[in-house]
Amino acid sequence: MYVGHFLSRWGARMWEFSVGLYMINILPDSLLFTAIYGVVEAASTALFGPAVGTLVEKIPHKQVLRMWLLIRSLSFLVAGGAVAALLVYFGPSSHKSVSFMGLVVITNISGAISVLSTLAGTILIEREWVVVISHGRPPEELAEMNSTVRRIDLICKLFAPVLTGFIISFVSLVASAVTLALWNVLSVWLEYWLWITVYHGFPALSESRERRHVEEVSSFSIESSMVESSSWRRKMAECLSKTLCFDAWIVYFNQDVVLPGVALALLYFTVLSFGTLMTATLEWKGIPAYIIGIARGISAIIGIMATVVYPILHSRISTLRTGLWSIWTQWCFLLICLASIWVSNGIASAWILMGGVAASRLGLWMFDLGVTQLMQDQVSEADRCIVGGVQSSLQSFLDLLTYVMGLIVSDPRDFGQLVILSFILVSSAATLYSVHCYRVRKHLIHFDKIFAKISWLINSL
């Protein structure tokens, strides 16, 4: 399972790093194409995320595997080919031609489809299989499995951008696009074999799906016997509800862990990450692609450290308190990014920004693991995939707003305005999670223990 996850995440992380650099080179001196791609990608997940979660919940896991891997590989192949054609056959002066815009549209659509297919795999593995495999074992094992899965993702986030950055810097952008396309076509066969081996190796995975199927059939039979007929208006309303997945959102907002989920989602409304907007801005400031890749790799190393620290901290202070300490740790490190705005030297400002973002990953990834485990522990088996789909949709909607702000503030010289907005939203997320902790625990800090230790120190002196 871990090897399959590594292969899946490697291709996704290559594209995530590269697409911002492709767009800033296709249309130099503007974040417009970068922001448009981000809007399309995030909007597709925001709109269709709940539907993807519901689909994973309803259809057999084998079918999910086939659809996920086939659609993802084909979409990355098309996206890589379109980018290569844009870079080879078109220059910056060609951006008004029909064929140029057609290839840009193809790149955006295929990229969005690849993200949706990847989301299906993420929900299946991280929200469903990990929980089923660890069922009946101590909670520490689930925490360790979550940490391992996240660690693999961060290892890919470490090495994939570094390798891609070197290919871009020392070979060409076209070579990196071709490499991306070939990787996804050649690795898919091994991936499928690995995942299907895991599926057959744990009978509980198929039993979990069959048990939910029986529950759905029983529920449907009861509802059918109670409702013999309905008007066309009611049928239209039900059709609209299913299309927009209103029921999935209702399920999500009825969960006890909705505030931690919303807090985690707010962290996606930010440019304070090595995403496409920040990557494009750093390149505009004069930071070479391979340096950005190395900085992103250092960020991933710190994230990997977070996956090692999380199980240790979790075993001592519980999931809820681990999340509280983590989110405020991230907030403290982001103060460095806020300070970078007022550094006049562009290169120095870029280095300070990269340093603050990299350091903040320690708190971010521990918080992500904490919220994920809260949801795994407190969301029922029947709702797990649905809640996971809505959570991804909400995160993508807020990510979408980041790119909308990138469209509004598209001049890289005004990037500081986006940094300030991002810091405010991280502060809001930390406050929201603190409110949830207070509602559950009726306090945030053990002041009585702190005062007792202070008194002991004073008396001992």
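1. The side chain of Ser187 makes a 2.8 Å contact with the backbone oxygen of Trp183. This is a polar contact, that is, a pair of N or O atoms within 3.5 Å; within protein, one must be able to donate a hydrogen and the other to accept it, and residues adjacent in sequence count only if both atoms are side-chain atoms. Ser187 sits in helix 6, residues 173-201; helices are DSSP runs of H or I with at least four residues, numbered from the N terminus. Ser187 is buried at 8% relative accessible area, where buried means under 20% with a 1.4 Å probe, protein chains only.

2. The model is predicted: local features need pLDDT of at least 70 and side-chain atom pairs count only at pLDDT 80 or more, while totals for chains, interfaces and linings use all residues. Residues are numbered from 1 along each chain as its sequence is written, and side-chain values use heavy atoms, leaving out hydrogens and water.

3. Beyond four places in sequence, Tyr433 is in contact (heavy atoms within 4.5 Å) with residues including Pro260, Thr319, Leu320, Phe367 and Leu374.

4. Thr322 is in helix 12 and is buried, at 0% relative accessibility. With residues up to four places away in sequence left out, Thr322 touches Tyr310, Leu313, His314 and Ile317.

5. There are five cavities of 30 Å³ or more. A cavity is a set of points on a 1 Å grid over the protein atoms alone where a 1.4 Å probe fits but cannot get out, and lining residues have an atom within 4 Å of a point. Points are joined across faces, edges and corners, and a volume is the space filled by probe spheres set on them. The second largest cavity has a volume of about 70 Å³, and its lining includes His5, Arg9, Trp68, Arg72, Glu126 and Trp195. Helix 4 gives the largest share of that lining, five residues.

6. No disulfides (pairs of cysteine sulfur atoms within 2.5 Å) are found in the whole structure. Cys156 is buried at 0% relative accessible area, and Cys337 is buried at 0% relative accessibility.

Key
Buried means under 20% relative accessible area, exposed over 50%, partly exposed in between (1.4 Å probe, protein chains only). Helices (H or I, at least four residues) and strands (E, at least two) are DSSP runs, numbered from the N terminus. On a 1 Å grid over the protein atoms alone, a cavity is a set of points where a 1.4 Å probe fits but cannot get out, and a pocket is an open set with protein on both sides within 12 Å along at least five of seven lines; lining residues have an atom within 4 Å of a point.
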